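The sequence and the model are shown first.

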Amino acid sequence: MVRTTALLAATAALALHAQAEGIYGKTSGVLQITGMDYDRVIAKSNYTSIVEFYAPWCGHCKNLKPAYETAAKSLAGIAKVAAVNCDEEINKPFCGQMGVQGFPTLKIVRPSKKPGKPKVEDYQGARSAKGIVDAVKDKVPNIVKRLNDKSLAGWLQENKDSAKAILFSDKGVVSATIRALAIDFAGLVSVAQVKKSEKAAVEKYGITEFPSLILIPAGSDDSIKHEGKVDKAAMVDFLSQVAPPNPDCPAPKEKRSKAKRDDKKVSKSSSKFAKASASHKSADASSAAATATDETVEEPIVPTKSPSPNVKDEDTPKPIVIPAEDIKPTIPLIAESAELQSLCLNEKSKTCILAILPKDESSEAAKTAVASLASIHKKYDAAGARLFPFVGVTASNPVAASLLTTLGLGSDEQVHLIATHGKRAWYKKYPSTAFSAEEIEKWVDSIRMDEGKKEKLPNSILVAGEKPDATAEKVAEPEPVKIEVEEVPDEPETQPEHNEL
Ligand SMILES: *[C@@H]1O[C@H](CO)[C@@H](O)[C@H](O)[C@H]1NC(C)=O
């Protein structure tokens, strides 16, 4: 029978346990998305996004997490901060398509002229909240018109029939907050910015404080001045009196009255990403504020405060490296054909890695291959990550023998590694005769990422889809990751403030 039934069961249990959990929790400002959400949430958005591709077991990903969450808070209402768990079975093809080669990989995605065809570029900067926030803000598209005394009248005339908003500012630079505000109301409210030094314009609207935001309803010459705090949420509320913002708007839509009453708080919102950021506790607010304050309506200020203590700066994407451990674990060795078929070679089975071992299991190559496979699986298990089963089977097993001949793998005196997927009827051959853990892990990664050439697994190899047992089924069918749209907890919270505007 099976020599290591217990080990097999343990592997399955671990796999089950580790399944699916992403590293970003429900209260995180980071949107957990799947490959299926990407198009709708990111690619077709009018907003700029940053997307992290990660694996939950990856150390550099865990190191990045606090900085990434801080960045998400700072960017709330300005850009989307998302993460894709590439360890999820359903996301693997997507992560592969996006060219992800190591974890974490960060990509900035922003709208181009062609709707639905965004520009995607790798973020290669510092893995710090500030580095990420600055880079993302820099990529927020600008549809805010900069006006002076001369151009004001023409712009008013041109936009006669639409609602208009003008920000009067000390500065000429259009901040990311105002750029995001203009995107919130793209097609609904034309947004412009006028510098304090434009005396005639300032006088025309009786502006005495900077920044000041005014709203000019469609078809009207009268202006309404925004009172209270000039922050993102309050400004969205203010402009919402003429039109609700675009559906994708990351800023508050609800609780307007509250926002108006209490200008110390960023109002909560029904929009999923403002909501996510709104749910942070006050304990986090101070560290968020350190970066949040670098955004003002007036200009991007280079912050003098040091970034959050959690910030890690050093990492660049790194391929997964196997720790040089002195371990002699093993992988399950299956002797029975039926067992092999029920685990890996039926019409319902998912990815398996089979090590077909020579009759002489004590050959150097066999020992090396088994030890390498075991160390790779052990690493995943230790990290609580789900990985498909690795199974050893000797060439004397009739099913293995038939794999060798049917797939033309070669001599039964050598080690052969193949990946199989019964349900999709493909297999992939390990292309080398070097069985070091490093080499094999590269290959395992390519399978995880759904890369590399697949060959057709002949039906003769597969037994009819017997119902896999409950455990196998659980492992095989990860639940899709959902975007977090939970309600904000009701308890009162101190919101990270966005600025001192
Ligand atoms: C994107 O902007 C356009 C106007 O330019 C607007 O009509 C559309 O609703 C916006 N899309 C989303 C998803 O907000």
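How far is an oxygen atom of the ligand from an N or O atom in the side chain of Asn46? The distance is 2.3 Å. This is a predicted model, in which local features need pLDDT of at least 70, side-chain atom pairs count only at pLDDT 80 or more, and totals for chains, interfaces and linings use all residues. Residues are numbered from 1 along each chain as its sequence is written, and side-chain values use heavy atoms, with hydrogens and water left out.

| Residue | Protein atom | Distance to a ligand oxygen atom |
|---|---|---|
| Asn46 | side-chain N or O | 2.3 Å |
| Asn246 | side-chain N or O | 3.4 Å |
| Asp248 | backbone N or O | 3.4 Å |

The protein buries 55% of the 360 Å² that the ligand exposes when taken alone (Shrake-Rupley method, 1.4 Å probe). Around the ligand stand Asn46, Ala186, Asn246, Pro247 and Asp248, each with a heavy atom within 4 Å of the molecule. Two residues of this shell are nonpolar, two are polar and one is charged.

Helix α2 spans residues 35–43 (a DSSP run of H or I, at least four residues). Among the elements that the buried residues pack against are β1 (31–33), β2 (49–54) and α4 (92–97), with contact meaning heavy atoms within 4.5 Å.

Conventions: A polar contact is a pair of N or O atoms within 3.5 Å; within protein, one must be able to donate a hydrogen and the other to accept it, and residues adjacent in sequence count only if both atoms are side-chain atoms. Ala, Val, Leu, Ile, Met, Phe, Trp, Tyr, Cys and Pro count as nonpolar, Asp, Glu, Lys and Arg as charged, and the others, Gly among them, as polar. Buried means under 20% relative accessible area, exposed over 50%, partly exposed in between (1.4 Å probe, protein chains only). Helices (H or I, at least four residues) and strands (E, at least two) are DSSP runs, numbered from the N terminus.
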